[in-house]
Structure formats: structure tokens, C-alpha cells
Amino acid sequence: MTIAQTRTADTGRIEISQLVKEFIGRDGPTTAVDHVDLHTEPGEFITLLGPSGCGKTTTLRMVAGFEHPTSGDIRLDGDDMTRLTPDKRPMSMVFQSYALFPHLSVRDNIAFGLKLQRLNAKDMNDAIEGALVSMDLVKLADRAPNQLSGGQQQRVALARAMVMRPKVLLFDEPLSNLDAKLRVQMRTEIRGLQQRLGITALYVTHDQDEAMSLSDRIVVMNKGRIEQMGTPDEIYRRPATVFVADFIGSANFLEPSAVSFAGGVANVRVLGSERPLPYAPGAEQAETHSVLVRPESVHVQRAREVPTEGDAVVGGRGRVLRAVFYGAVVEYEIDTNAGTIVAVVADPDPSAILHEGDLVEVDFPPSRGWLLPA
Amino acid sequence: MTAPATAAGNSRPRTRRKAVDPTTVGVVILVVGILALLIIYPLSTVFVQALGPVGWEIVTSMITNPVNRTIVGNTFLLGLLVGVIGTALGFLLAYVQVMVRFKGKKIMHLLCLLPVVSPPFAVATAVITLLGRRGIVTYGLFGWETNIYGLPGLVLVLVLSFFPVAYMNFKGMLENLDPALDDAAANLGASRWRAFWRVTLPMLVPGFAASFLLLFVEAIADLANPLVIGGDFTVLASRAFIAITGEYDVAAGSAYSLVLLMPAVLVFLVQQYWVARKSTVTVTGKPAGARRQLTHASGRVPLLAFAVVVGLVVVGIYATVLAGAFTSILGINNTFTLDNFRYVLSGIGNEAIADTTVLALIATPVAGLLGMLIAWLVVRKLKRGNGLLDFLGMLGLAVPGTVIGIGYAIAFNNPLIIGNRMFLPALGGGSALFGGAIAIVMVYVIRSVPSGQRSGIASLKQIDPSIDEAAASLGADSVTTFRKVTLPLIRPAFLSGLIYAFARSMTTLSPIIFITTPQTRIMTKQILAEVDAGRFGNAFAFCTLLLIIVVAVMGLMSLLVHGRSDVRTATNLGGGA
């Protein structure tokens with residue numbers, strides 16, 4: 001399996017600095033990418049994640065050479081790429097629409113780039129056969145693209161890009177046209193292949209599951225700027241901004257009634273008691289705050305005693321507004337004095353399932369809370 | 001937000017950063033250079049002449065001089081009448097074809113397309129034979145001594161020649177109309193008649209505008225028919241022709257050309273860039289469901305009767321051409337003879353057939369390739385200036401043939417000498433290289449480029465741009481991408497463009513008439529000479545041969561297309577998702 005050889009050289013270091021892209025629209029220029037800085041390590045899998053229009057695709061297309069930056073630099077292993085046309089850049093792209101050449105067979109699609117490199121016949125055949133084998137396409141080699149299923153087309157697109165042995169693989173939402181099950185399967189294949197080959201990957205998606213499961217690091221973008229860059233764990237548990245916290249997974253934002261900082265810990269009064277919480281950089285300077293608690297971190301319990309002040313929701317108490325049974329989990333919407341909280345209880349005990357109107361006690365461990373500047 | 005905006009603003013002048021693909025730049029320069037030679041330079045010579053002191057006086061006399069005022073009025077009247085009647089005829093026939101149930105749709109469709117491939121005089125000459133002073137129908141059947149020459153005959157002939165343009169236009173639109181719209185209207189309680197008026201017709205408004213404008217331009221640009229059947233009814237095209245060939249007055253010819261050129265190009269621009277954009281029908285995508293065809297007699301009978309009449313007229317015309325080719329003098333001496341063909345196939349006629357076919361065959365691939373290159377640049381490569389390039393390519397269609405011909409006569413019939421150096425030898429006219437054949441090929445090319453360009457643009461827009469990007473990402477530069485990816489994908493459009501280009505080259509007259517030479521004979525010009533001399537039999541024989549050649553070559557080309565694509569579809573059969 002020639003394609004599975006690992007890159008020996010320490011190549012594939014992308015350095016993007018102060019990258020700007022303006023589009024001249026009807027109502028003047030709009031800034032699609034706004035002073036983006038991004039450095040990758042060789043062999044790293046980096047995902048650009050964000051809502052549509054956040055500039056992630058434009059950034060990728062500038063790295064590929066399909067868009068010209070308004071200003072800024074793109075370097076690869078120290079070489080300036082900014083002025084090179086796409087065909088001169090040692091990168092291969094996998095497209096959302098797969099972009100297979102409809103007039104060429106699977107084999108000829110994979111051979112397309114190699115033929116342009118004028119490889120000798122044996123090397124070329126070895127490389128193509130290797131790619132066909134590793135992507136499980138041997139039986140389909142002589143078919144036309146329109147005779148393949150979406151998943152098969154995606155594998156051809158992947159094989160066609162991989163066989164070029166690029167320094168960088170670029171992915172533009174490659175899985176968004178596949179159904180959910182296939183998407184998960186292709187995710188594993190892409191990650192496996194990328195790790196085997198050790199090629200740096202830059203991957204654009206708006207699907208957070210994809211980003212979380214594939215990436216060494218995730219770059220969350222919003223309105224042309226980078227909101228946060230970090231490992232999936234950092235992005236999920238320690239988001240830098242409310243935007244990131246909200247965009248990744250589902251999030252409860254609780255309103256604290258008092259906040260003070262001492263010794264690297266924030267003392268936050270929320271849900272009826274004071275808790276020592278970790279906090280985001282910038283929280284100390286902020287005037288208003290939010291406490292992030294993920295739904296799976298919320299503990300819900302039937303209230304043991306009837307509150308003294310009638311039905312009033314006080315302290316750590318709340319009332320169930322809605323209960324939805326999903327099978328594996330139950331989701332509750334609970335009205336509290338810190339706002340409406342969503343709680344997800346996994347593997348629910350049938351006898352303990354709560355119903356609308358039930359009075360509950362709500363709590364979360366301090367290590368699962370995260371104080372953010374609001 | 002202001003800070004980054006200004007920072008970016010400061011850096012924008014650093015255009016050197018742009019990653020410009022040198023091959024694209026090379027192709028752009030090449031294409032623009034060719035277009036400059038083929039159309040911009042000859043057109044500019046017309047402008048220079050018309051805007052010179054002598055020419056400009058004639059231009060202004062279009063308003064002051066009553067004779068010229070009449071000519072301008074005639075031209076517009078002709079355009080208006082042909083536009084309105086031709087559009088109505090085309091619409092009705094398309095409506096019958098798409099919406100009414102009847103047998104023989106294929107034959108009706110072919111009859112509606114026949115005038116596209118026929119030489120310019122076939123219709124006019126046949127109409128004179130049938131409806132003229134000694135016409136077979138008018139005099140022979142009814143004993144009338146009608147005068148077909150002039151406006152009525154001209155309108156009849158032009159409508160019959162150009163209605164296929166409107167027919168094709170409407171047929172495409174009606175077929176693309178989503179039948180679900182009719183169903184929805186019916187579901188909401190609208191009668192069929194009401195649905196037609198309130199739903200179908202409003203959606204076709206851009207189509208009516210487009211057809212009218214196209215026919216208007218075709219009508220005012222036409223030269224052949226005004227010469228043959230126009231009589232005393234002078235229009236700008238025929239006036240310019242007389243100025244050049246009869247009066248040897250280049251300035252006057254240019255002046256009339258300019259006046260003809262302005263409305264033609266203006267109307268063309270409106271049609272291409274405004275009406276086409278307004279079209280609501282073409283973007284609805286694939287129609288869903290089956291079309292309910294009109295079966296009720298109240299609508300069906302009058303519509304079908306009308307279609308049959310038109311069909312019979314077309315059949316009558318071409319039957320006349322055919323019959324005329326095989327008789328001594330059709331309508332007067334109806335004995336069967338092969339003399340006409342004998343005359344046409346010997347000497348001059350034979351040469352003309354060979355020359356015309358060879359030159360058209362040379363021009364066709366050149367025009368096809370140039371059209372595809374322009375389409376590719378416009379759709380894929382140019383971010384700015386693509387509208388201008390598109391327009392330059394379409395000039396061969398927008399500019400009336402008469403104007404192109406006069407431009408070529410001025411520009412290329414003498415060598416281009418600046419200072420003491422010859423930059424370009426004479427390409428057209430008697431003293432030119434290859435007997436003026438180069439200029440004729442050039443005219444064929446520029447007249448044929450637009451059809452390839454249009455079909456190329458349409459088919460390129462269907463192709464996902466990321467397919468080009470994929471090729472680039474795999475290391476293909478733009479020329480390689482064009483050769484290995486784009487061209488194979490747009491091959492069907494390319495070949496249909498070629499077919500059309502060939503037919504157009506073979507049947508074009510108005511620009512050719514100004515640059516033919518004794519050495520290089522062109523069939524359309526020979527036909528005109530025969531018609532002028534009153535030898536209709538020879539003209540009919542020429543027309544028949546021309547038709548046969550065009551249909552044969554078109555058939556051969558489409559066999560080539562289908563033959564090849566059959567192989568591909570065969571490999572595509574079976575399996576698939």
C-alpha cells in the first residue's frame with residue numbers, strides 16, 4: 001500500500017498572517033476575512049468551524065489559491081504561496097460537490113494529476129493501484145462518476161487528492177452531501193488516512209460533530225475573525241466567548257447574582273449558593289457575566305420538601321416546564337431564578353422521570369461551570 | 001469595524017500581489033487581438049468614414065432630407081411589422097407544438113425550423129413566383145395582377161424567414177413552464193382559459209419582448225430580401241448597398257450603416273442584457289409532473305387549423321423552390337428539365353459551390369473554437385471585463401451584415417499602410433491574397449462566433465465551477481484545464497455550435513456581397529445574380545443544392561456527435577446511483 005507511507009520530511013507547516021479578504025459588493029466593500037493569523041504544525045488536522053458567512057471557506061480558498069487575498073501572507077514551509085496560482089501550490093483539495101470529472105472513469109480521475117506530473121508509467125500505476133486499494137475502489141475503477149453513489153464519489157475525490165502526496169490537504173465541507181450514517185463512517189476514514197500519511201489537513205465545516213471528532217485543533221470563526229483556536233476539549237469546556245460556547249454544543253447561560261475574584265478562582269453566586277468557578281480570560285475585566293453549564297452537567301432531583309414560600313422558584317429550585325423523552329436521554333426544560341435551564345439526563349431511571357410542573361432541585365459541580373464575560 | 005477597513009484599504013493598491021495566471025492572460029490577449037482584427041477594426045473604419053465631414057453631413061440629413069427620412073421611417077416600420085407579426089406567429093406555433101395534442105408534431109416542428117437553414121433568397125423568390133404579378137396562385141388561380149414588391153411582400157418574406165427564431169424561443173419557454181403552475185391555478189378554481197391569461201401569459205412577457213427585439217434587428221439588418229422583393233421600398237441596408245456598389249460612395253455607405261448600426265446594437269443590448277435577465281421562466285428548473293395538453297375542440301380546432309395553414313405555406317414555398325429547380329420557367333413553362341442544374345453545376349456555379357463549401361468548412365472550426373474560448377473566459381476566467389468580452393464576441397450577430405460587409409470593404413480591400421510600412425496586405429477584394437478568400441473566411445468566422453459562444457456559455461454555466469478548481473488543485477494550469485476538462489465537457493454544445501456556424505456561413509449574403517471577387521465565388525452572391533437576371537430556375541437550382549449541402553453537412557456533424565456520445569452513454573449504462 002504505497003499510499004500509506006508516512007511522510008518522512010517535516011513538511012506542511014502553514015503560516016497565515018494578517019490575512020484580509022474584501023469583496024467589493026453593491027454597497028461598498030465587505031470584509032469576509034478580517035486579519036486572520038493561523039499557524040499549523042506539520043501533520044496537524046485543523047478545522048475551520050463557524051456559521052455560514054463567517055469567512056472559513058474564503059480563508060480555505062485563499063490558501064488553495066482560488067481567491068486572492070486583499071492583503072496578508074500565506075506561507076508553506078517558509079515559501080510564500082500568496083502569489084502562486086492554485087496549480088503551482090503543493091496542496092490538493094476535496095470539494096463539497098466532489099467535483100469529479102464526469103467524462104473520466106474513476107481510474108482516470110485519480111490519474112489526472114499524476115499524468116500532469118509526467119511520472120513514469122510504473123510509478124503512476126503503482127500510485128493509482130495503491131489509492132484504489134486503500135480507498136476500496138478497485139471494483140469501481142472503470143466506472144464513470146455518475147454511476148457511483150455519493151459515498152463512493154467522495155472516496156474517489158479523496159483518493160484523487162491523496163494520490164498527489166500534497167504537503168497540505170484541503171477539505172471544503174466534504175461530507176455535507178452525505179447522509180448521517182455515511183458521514184460518520186467517512187469521518188473515521190478521513191481521519192485514519194490523514195494520520196497514516198501524516199499530511200497537514202485544513203478542513204472547513206459548519207458541523208461541530210465533524211470538527212470535534214476530526215481535529216487536533218479547531219478554529220472557531222465568526223464575522224471574518226477568529227473567535228478561538230484550541231483543542232476540541234478546550235473549545236468545548238473552556239470557550240473564550242459566549243459565541244463559541246453557544247456555537248459548540250448546547251449551552252445554558254446562567255445569570256449570576258454576584259461575582260468576585262480571588263486567587264485565580266471566581267466566587268459566583270448562582271442558583272442559590274456561592275460556587276468557586278474557573279473563568280475565561282477577560283472575565284475579570286468584564287462588567288457583566290454569564291455562567292456556562294452544559295446540559296449534561298446539570299443535576300436534577302425531585303424537590304424533597306415543599307418550599308415554604310408557596311410555589312415560588314427560589315435558590316436552587318426550579319419547576320419543570322417541559323420534559324422530552326428521547327430514549328437514551330431525557331431532556332428537561334426547567335424554570336429557575338437564573339433563567340431557563342436545559343438539563344439532559346442520560347440512562348434515565350423510569351421511576352425517577354419527572355413531569356411538567358414537578359418541582360425540582362437543580363445543581364451542578366463547580367468544576368463543570370465556566371464563567372464568561374457576557 | 002473602521003480600523004480594519006482602512007488598514008485593508010491601504011493595502012489594496014498592492015495589486016502586484018494578485019496571483020495572475022500567465023496562460024489566461026495570454027489567451028485573453030490572443031482572443032481580444034483576433035476580435036480586434038475581425039470586428040473592431042472594420043467597424044471603426046465605418047465610424048471614421050461616417051463621422052468624417054462628408055459622412056456626417058449624410059448622417060444629419062437623415063432628419064433634414066425627406067428622402068432619407070422616408071428610408072429611416074421605412075426601416076423602422078419594417079422592423080416593427082416583422083417583429084410583431086413574427087412574434088405572434090412564432091408564439092402560436094410554439095403553443096400548438098407544446099400545449100395542443102395532435103399527430104405529426106415532429107413534422108410540424110421540422111417545418112417550423114426549415115427556414116433557418118434555407119438560403120436567403122429561397123423564400124423571396126418562391127413568394128414572387130407564387131404571388132407575384134404573374135404568380136401561380138394570384139394570377140394563375142385567381143387572375144389577379146398583384147404587386148408583391150414593396151412592403152407587403154417584404155414583410156411576408158421576412159416573417160416567413162425569421163419566425164423560427166421566435167418559435168424556438170417560445171417553445172423552450174413553454175416547455176420549461178412548470179405544469180404544476182397550471183395545476184395549481186386549476187386547483188385554485190381558474191378555468192383553463194383564465195389560467196392561460198393570468199398565469200402562462202404573464203410569465204412569457206420577457207419572451208415576447210425578446211422575440212420582438214430579435215426579429216426587429218433581423219428585419220432591419222436584412223439586405224437580401226429588400227434587394228429581391230423590396231421594389232421601391234428602400235430601407236437603410238439596401239440604401240447603403242446602393243451607395244457602395246452603385247455610387248462608389250464609401251462615406252455615404254458608412255453614414256447609412258451608422259444609422260442602421262445604432263438601433264440594431266441598442267436593441268440587441270436591451271434584448272441580451274435586460275430582457276434576458278428579466279426572464280422568470282428559464283430559472284424554474286426541472287418541470288415536475290405531466291403537462292395536460294389542450295384537447296377541447298373549441299381551442300384545438302382553430303389553433304390546429306392555423307398551424308396547418310402555416311405548415312402548408314412553408315411546404316408550398318419549398319415545393320416551389322424544388323419544382324422551380326426542375327422546370328424551365330415555373331408557372332409559365334412547366335416542362336421538366338435538368339438544364340438549371342446543368343447550368344449551375346458547370347463553370348461558375350460549380351466553382352461557387354466548391355469555394356463556398358471549402359471556405360465555410362475552414363471557418364467553422366475556427367469560429368467554434370473561438371466561441372468556446374470566449375465562453376470559457378467569460379464564464380470562468382475573467383472576474384472583470386467579462387461583460388465586455390461577451391459583447392465583443394456577440395458583435396458579429398448584433399452588427400447588421402451590411403455594416404460588417406462595408407467595414408470589411410473599407411478595412412481590408414486595400415493594404416493597411418501606416419507611414420511607409422505595410423502592416424497588413426489587402427485581404428479582400430480583387431487584388432487581395434488568395435483572391436480575397438481570407439476576408440470571406442474572416443466574415444464567416446465573426447458571423448458564426450456568437451452561436452458557439454452562446455451555447456458554450458449556456459453549457460459552461462451548467463458545469464460546477466469546482467470541477468475547474470479541482471483540475472487546478474491537481475496541478476493543471478488554465479490551458480490544460482480547458483483542453484482536458486472544459487472542452488470535453490462542453491463538446492455537445494461545441495458541436496451544435498459548429499453545425500449552426502456552418503449553416504450560417506453557407507447562407508450568409510449581406511456582408512459577403514461587399515467583398516467577393518471574380519476569383520472567389522460565393523453561392524449566395526451567385527444566386528442574387530441569377531435572381532437579378534430573372535433566371536429564377538437557376539436560382540432555385542442553386543438554392544436546392546445549397547440546402548442539400550447544408551443539410552448533408554449538418555447531418556454528418558450530428559452523426560459525429562451522436563455516434564461518439566453513444567459510446568459514452570453505453571459505458572455509462574448499468575449501475576449508478
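1. In chain B, the domain assignment, whose bounds come from an automatic or database source, gives domain 1 as 41-116 + 151-284 and domain 2 as 338-567. The C-alpha centres of domain 1 of chain B and domain 2 of chain B lie 22 Å apart. The contact between them, where two residues count as touching if their C-beta atoms, placed from the backbone, lie within 7 Å, takes 25 residues from domain 1 of chain B and 19 residues from domain 2 of chain B.

2. On the basis of the coordinates: this is a predicted model, in which local features need pLDDT of at least 70 and side-chain atom pairs count only at pLDDT 80 or more, while totals for chains, interfaces and linings use all residues. Residues are numbered from 1 along each chain as its sequence is written, and chains are lettered from A and ligands numbered from 1 in the order in which they are written.

3. On the side of domain 1 of chain B that touches domain 2 of chain B, the elements giving two or more residues are α2 (22-51), α11 (224-229), α12 (236-246) and α13 (250-278) of chain B. Such elements are DSSP runs numbered from the N terminus, helices being H or I of at least four residues and strands being E of at least two. The largest share of that side, 10 residues, comes from α13(B). By class, the residues of this side divide into 19 nonpolar, 6 polar and no charged, where Ala, Val, Leu, Ile, Met, Phe, Trp, Tyr, Cys and Pro count as nonpolar, Asp, Glu, Lys and Arg as charged, and the others, Gly among them, as polar.

4. Helix α2(B) also packs with helix α16 (residues 348-381) of chain B, at an angle of about 130° and with the axes 11 Å apart; axes are lines fitted to C-alpha atoms, for helices over the stretch in contact, and angles run from 0 to 180 degrees between N-to-C directions. That angle makes α2(B) oblique to α16(B), given that angles under 35 degrees count as roughly parallel, over 145 as roughly antiparallel, 65 to 115 as roughly perpendicular and the rest as oblique. The contact is made by B:Thr24, B:Val27, B:Val28, B:Val31 and B:Ile34 of α2(B), together with B:Leu370, B:Leu373, B:Ile374, B:Leu377 and B:Lys381 of α16(B), and by class it has 8 nonpolar, 1 polar and 1 charged residues.

5. In chain A, helix α4 (residues 150-162) and helix α5 (residues 180-197) pack at an angle of about 15°, with their axes 11 Å apart, and α4(A) and α5(A) are therefore roughly parallel to each other. From α4(A), A:Gly151, A:Gln154, A:Leu158 and A:Met162 meet A:Leu182, A:Met186, A:Ile190, A:Leu193 and A:Leu197 of α5(A). This contact has 7 nonpolar, 2 polar and no charged residues.

6. As to confidence, the model scores ipTM 0.81 and pTM 0.75. The pLDDT, the predictor's confidence in each residue from 0 to 100, averages 89 in chain A, where 95% of the residues score at least 70, and 81 in chain B, where 87% of the residues do so. In chain B, confidence is lowest in helix α1 (residues 2-11), at a mean of 39, and highest in helix α4 (residues 66-99), at 92. Over residues 1-18 of chain B the pLDDT is below 50, and beyond near neighbours in sequence this stretch has 16 contacts in the model. The pLDDT also stays under 50 over residues 281-288 of chain B, for which the model has 14 contacts beyond four places in sequence.
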